[in-house]
Amino acid sequence: MSLKLDILVLAVHPDDAELGCSGTIAKQIALGQKVGIVDFTRGELGTRGSAEIRDAEAAESAKILGLSARENLRFRDGFFKNDEEHQLKLITAIRKYRPEIILANAIEDRHPDHGRASQLTTEACFYSGLRMIETFGDNGEKQQAWRPKQVFHYIQDRYIEPDFIVDVSDYWEIKDASIRAFSSQFYDPNSSDPQSYISSPDFLQFIEARSREMGHKIGVKYGEGFTSEKKLEVKDLMGML
């Protein structure tokens, strides 16, 4: 039987969700919502570590965050496409978890996988709502059509002006711990792996600075910014106070 989630986070690489929106994940879980992550690839093209190491790191991060589910679609890192084959696999995952909200990769970014995954997500979310597209669950049962009510994109390496910002000040320590669960990827003076763009000590400082920048915009210590695929409805102006 499939697990109904409130929020499903889609991430092309293990650690994308942690870097981009794990404070929001932790906050929503603390509010009693069920949140899961579906990683597209195992990050096997990463300069440091290995796919097997990142599998273990993703599992450890899931425990830190308190996720209700985490799985990996095992698309080819760097070489997956936004085509029928990949859309159907993602539609199957969306229909499995039936989320109200999806959080997805940045709409464009330094890493080309991020923008491509973003577009794949956008199209799969739409097609997931079409009942004439048939998909089947883990036990071979025909899945029902499902379309999330909202798709939001977290902001990654390149700055994108957010449509809204979530206050994650109370959840910074959890976010930081979930990121550091991917110890093979980040700064370690004792590591013999080659250096990479994200393995310098400056990179994690940048992540904190970005969260501080987003928080500053809304008058709090730490924030995470998102862009929205459609305009957000406000039913009551007083609810925005």
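Analyst: Two strands are said to pair if DSSP finds at least two bridges between them. Strands (E, at least two residues) and helices (H or I, at least four residues) are DSSP runs, numbered from the N terminus. The model is a predicted one, in which local features need pLDDT of at least 70 and side-chain atom pairs count only at pLDDT 80 or more, while totals for chains, interfaces and linings use all residues. Residues are numbered from 1 along each chain as its sequence is written, and side-chain values use heavy atoms, with hydrogens and water left out.

With these terms in place, valine 9 stands opposite leucine 103 in S4. S1 and S4 run parallel and are joined by three bridges. S4 is also joined to S5 by four bridges, again in parallel, and here alanine 104 stands opposite histidine 153 of S5.

These strands belong to an open sheet of seven, in the order S3-S2-S1-S4-S5-S7-S6, with mixed pairing. Its edge strands are S3 (69–72) and S6 (164–167), each of which pairs on one side only. On average, neighbouring strands of the sheet are turned by 25° against each other, direction ignored. Axes are lines fitted to C-alpha atoms, for helices over the stretch in contact, and angles run from 0 to 180 degrees between N-to-C directions. S6 pairs with S7 (residues 223–228) in the antiparallel sense over four bridges, and phenylalanine 164 stands opposite phenylalanine 226 in S7.

The helices come next. Contact means heavy atoms within 4.5 Å. Helix H4 (residues 112–127) lies across S1, S4 and S5, and runs at about 175° to S5. S4, H4 and S5 make a right-handed β-α-β unit; a crossover is right-handed if, with the strands pointing away from the viewer, the path from the first strand over the helix to the second runs clockwise.

Finally, the axes of helix H2 (residues 51–65) and helix H5 (residues 172–180) come within 8 Å and cross at roughly 170°. H2 is therefore roughly antiparallel to H5, a description used for angles over 145 degrees, whereas those under 35 count as roughly parallel, 65 to 115 as roughly perpendicular and the rest as oblique. Ser61, Ile64 and Leu65 of H2 make the contact with Ile174, Ala177 and Ser178 of H5.
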